[in-house]
Amino acid sequence: MDWGLANRMHRLFSPSSGNSVMLAVDHGYFMGPTHHLEDARATIAPLLPHADAVALTRGILRRCVDPTTSTPVVLRVSGGVTVLKEDLSDEAITTSMEEAARLNVSAVALSVFVGAPHEHESLVHLGELVDGGEEYGIPVMAITAVGKELEKRDQRYLALACRVSAELGAHLVKTYYCDGFAKVVEACPVPIVVAGGPKLDSDEAALTLARDAIDAGAHGIDMGRNIWQSDHPVPMLKALRAIVHDRATVREALAVLEREKGRPRAVPPTPAA
Ligand code: R5P
């Protein structure tokens, strides 16, 4: 692996645990103003210092994130459809590798739609993006099973989607947890991080999902709604860190959550004009 690409990969994963807690706030690229992400700046600012990386689009990065941040950026570069369309798989690459380099990001991300009407195009886009990523030293994260593909997320489907992504050159893969997840991890030769999906019934359920994913061999999480739609986003993020980095049990993570709830919320610094 080229030095620049290896260096960017190491920015994303903790040297001590080997894992990463990524904060996903890219939902607006096809869902618009998602609940609790309407004011993206206000949602992101208190969470950013506690995340190992933030996953978002260039528009939200430029408008809603202070450029003094030291949190690595995973830039979503695919899009082109919205939830108003029946077929969400008709995506293209919407942001160039030159733009990703200009924004000094640590990785770029695109959705791949295995089994969907535009499977072929999305997989070709992945291959082309990897060519660009190798040229610029920027890792590429393939995101499997977004949107309607989520309904298919059993072990056989996710193992296929993750393996195909790695075969086409993805440097890391984001997918969803499922029963038998260890088999998905075993068959994928690059690190896998796990998304949370729609808000679960409780914080405990989301912590359990993270615990199970790490136990099955995931290298971390790239979670959104189960953090910022929680009643306690920062405590929730800290509790997830305990699981991902410190191998905390769900019970220990719940204790972190309760302890952090009692702490006064730090006011994020006002961005420079
Ligand atoms: C899809 O909208 C994005 O790739 C999200 O980043 C991904 O689904 C993770 O977010 P969540 O944990 O809310 O599912």
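This is a short exchange about a predicted model.

Trainee: Why is P117 called partly exposed?

Mentor: Count the neighbours. P117 has 13 other C-beta atoms within 10 Å. Buried needs 20 or more, and exposed means 12 or fewer. The count of 13 falls in between, so P117 is partly exposed.

Trainee: Where does P117 lie?

Mentor: In the loop between β6 (107-112) and α6 (119-136).

Trainee: What makes D87 and S89 contacts of P117?

Mentor: The cut-off is 7 Å between C-beta atoms. P117 touches both D87 and S89, leaving aside residues up to four places away in sequence. G262 is another matter: P117 and G262 are 49 Å apart in space, C-alpha to C-alpha, and 145 residues apart in sequence.

Trainee: How do you know that the radius of gyration agrees with a compact globule?

Mentor: Set the value against the rule. For 273 residues, a compact globule would have a radius of gyration near 19 Å. The chain has 17 Å, so the two agree. The C-alpha trace spans about 50 × 50 × 40 Å along its principal axes.

Trainee: How many residues of the chain count as buried?

Mentor: 47% of the 273 residues. As for contacts with a separation of 6 or more, 67% come from residues 24 or more positions apart.

Trainee: What makes up the shell around the ligand?

Mentor: Six nonpolar residues, five polar and three charged. In total, 14 residues surround the ligand, with A24, A195, G196, G224 and R225 the closest. β10 (220-223) and α10 (225-228) each supply at least two residues of this shell.

Technical notes
Residues numbered from 1 in each chain as written. Predicted model: local features only at pLDDT ≥ 70, side-chain atom pairs only at ≥ 80, totals over all residues. Near = placed C-beta within 6 Å. Helix = DSSP H or I, 4+ residues; strand = E, 2+ residues; numbered from the N terminus. Nonpolar A, V, L, I, M, F, W, Y, C, P; charged D, E, K, R; others polar. Contact = placed C-beta atoms within 7 Å. Rg over C-alpha atoms; globule rule 2.2 N^0.38 Å.
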